[in-house]
Amino acid sequence: MNRYIYLAMPLLALGLQACDKPTVVNVPPPPVVAPGPPGPPGETGNTGNTGNTGSTGSTGSTGATGGTGSTGSTGATGATGSPGFDGATGKPGTGTTVIVVPPAASAPTK
């Protein structure tokens, strides 16, 4: 039992020390002073300096592709060609004669 008393004494001292808190004193804020009447207006100030010139803008986008052009005019007629060479003479026949009969005349239309 004596051992428990020796252990209880430091715990009791720590417990009482935790309860001891210092007193906080609240200081009231200083009173607010009301401003007096406004004074006369001052003189007009000097004009400010001119600002810097801005940067040049970016290049614009490329425009859209144009429409297809109209069809061109027809070209001039070419020159007449040179006359051809005379053909070679044919071989004589071997005794066969061909007779070509002209077609019959047709009747006139009414």
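Where is Leu14 placed?

**View 1. Leu14 sits in helix H1, which covers residues 2–19.** This is a predicted model, where local features need pLDDT of at least 70, side-chain atom pairs count only at pLDDT 80 or more, and totals for chains, interfaces and linings use all residues. Residues are numbered from 1 along each chain as its sequence is written, and side-chain values use heavy atoms, with hydrogens and water left out. Leu14 counts as exposed because its relative accessibility is 56% (exposed is over 50% relative accessible area, buried is under 20%, and partly exposed is in between, with a 1.4 Å probe and protein chains only). From Leu14 to Gly45 is 31 residues along the chain, and their C-alpha atoms are 70 Å apart.

**View 2. Leu12 is another residue to look at in helix H1.** Leu12 has 52% relative accessibility, so it counts as exposed. Now follow the chain to Val101: 89 residues separate it from Leu12 in sequence, and 155 Å separate the two in space, C-alpha to C-alpha.

**View 3. Gly81 lies in the segment after H1.** Buried or exposed, which is Gly81? Gly81 is exposed, because its relative accessible area is 56%. Between Gly81 and Leu14 there are 133 Å from C-alpha to C-alpha, at a sequence separation of 67 residues.

View 4. The C-alpha trace spans about 165 × 85 × 45 Å along its principal axes. The protein has a radius of gyration of 64 Å, while a compact globule of 110 residues would come in near 13 Å (the radius is taken over C-alpha atoms, and the globule rule is 2.2 Å times the number of residues to the power 0.38).

**View 5. What about the surface?** Of the 110 residues in the protein, 0% are buried. The protein exposes about 12300 Å², with 59% of that supplied by carbon and sulfur atoms. Accessible areas come from the Shrake-Rupley method with a 1.4 Å probe, and for residues only the protein chains shown count as cover.

Methods
Helices (H or I, at least four residues) and strands (E, at least two) are DSSP runs, numbered from the N terminus.
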